[in-house]
Amino acid sequence: MKKTALITGASGGIGSAAARALARDGFRLALCYNSDEAGIKRLAKELNKSTDAFTAKVDVSNRAQVDSAFEQAAEEFGGISVLVNCAGISQQKLFTDITEADFDRMMAVTVKGTFNTCQAALPFMINRKRGKIINISSMWGVAGASCEVHYSAAKAAVIGLTKALARELAPSNIQVNCIAPGVIDTKMNSCFSEAELEALKNEVPMGRFGSPEEVAALISYLASEKSDYVTAQVIGIDGGFI
Ligand code: NAD
């Protein structure tokens, strides 16, 4: 089977950069998106010049939609060898203002979404005794962020899930790792004002935000055979922030 990857949140900043990087690496791609249909169609058209890529609308918190995307990948590619979980939402609120619905949505997308995709991917990987799962957490899942308690808690849960699953799957030769980005220049930070972004930039020892392409380079490494002995790790990419 040619190398195949399923990417969630593929219409996003990091997800689309990951798709371009994995296409260059020779992967066939299942591009899962939840919004920006026009954007994902443009990306698929671009990538189909050099590889095979299909798109599937998937809300990762919905198990039936996740399963259906993997079934499509099985039909079109014969399975999936790499899963990249880029889907995510953020929200800035004082802890006392976070509603039960806010909390439940954050957990559903971030934690249950990761659970859903990992569980759906495993049958393809276990049979072949080969596979890679790359989860995107956050430096805030490691350090905790003020006014982002539910986001930080959800991203910390992704780290726990990654480490535990990596140990369970190590005998099956499936590597599970987590990336913990710092501030990356994507739409996710469009909620901040120019002044807030400048203040945030000043907190980064390297004095700049990361680019989606820099995160994608790490995803490319973790998806490759070069990282076959790397598992259960949380790899920071944050310009020295944490
Ligand atoms: P982004 O907003 O550009 O992309 C997020 C993607 O997730 C979007 O394509 C969105 O449609 C998708 N998404 C949202 N809800 C979904 C759902 N229920 N089901 C499926 N997809 C859904 O942001 P990004 O920066 O590319 O974020 C990618 C990942 O990186 C996220 O998990 C985010 O938390 C994480 N991250 C980002 C930063 C940053 O500073 N940008 C820092 C640390 C971690």
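Author: Please bear in mind that this is a predicted model. We may begin with the aromatic rings.

Reader: How many aromatic pairs does the structure hold?

Author: Two aromatic rings count as a pair if their centres lie within 6.5 Å. By that criterion, the number of aromatic pairs in the structure is three.

Reader: Are the rings of Phe70 and Phe124 stacked or edge-to-face?

Author: The ring centres of Phe70 and Phe124 are 6.1 Å apart, and their planes meet at 20°. Planes under 30 degrees apart count as stacked, whereas those over 60 count as edge-to-face. Because the angle is 20°, the pair of Phe70 and Phe124 is stacked.

Reader: How many residues apart in sequence are the parts that this pair ties together?

Author: Phe70 belongs to helix H3, which covers residues 63–77, while Phe124 belongs to helix H4. The pair therefore ties together parts whose separation in sequence is 54 residues.

Reader: Which loop holds Lys129, and what is its phi?

Author: Lys129 is placed in the loop between H4 and strand E5 (131–136). Lys129 is a residue other than glycine, yet its phi is positive, near 55°.

Reader: Where is Cys147 found, and what is its phi?

Author: The loop between helix H5 (139–143) and H6 contains Cys147. Although Cys147 is not a glycine, its phi is positive, at about 65°.

Reader: Which helices each supply at least two residues of the shell around the ligand?

Author: The shell around the ligand comprises 28 residues. It divides into 13 nonpolar, twelve polar and three charged residues. The helices that each supply at least two of its residues are H1 (13–24), H4 (100–128) and H6 (149–169).

Reader: What percentage of the area exposed by the ligand alone does the protein bury?

Author: An oxygen atom of the ligand is 2.6 Å from an N or O atom in the side chain of Thr186. Taken alone, the ligand exposes 820 Å². Of that area, the share buried by the protein is 93%.

Definitions and conventions. Residues numbered from 1 in each chain as written. Predicted model: local features only at pLDDT ≥ 70, side-chain atom pairs only at ≥ 80, totals over all residues. Heavy atoms only, no water. Near = heavy atom within 4 Å. Polar contact = N/O pair within 3.5 Å; in protein donor to acceptor, adjacent residues only side chain to side chain. Areas by Shrake-Rupley, 256 points an atom, 1.4 Å probe, with all protein chains shown as cover. Helix = DSSP H or I, 4+ residues; strand = E, 2+ residues; numbered from the N terminus. Nonpolar A, V, L, I, M, F, W, Y, C, P; charged D, E, K, R; others polar. Phe/Tyr/Trp six-rings, centres within 6.5 Å; stacked < 30°, edge-to-face > 60°.
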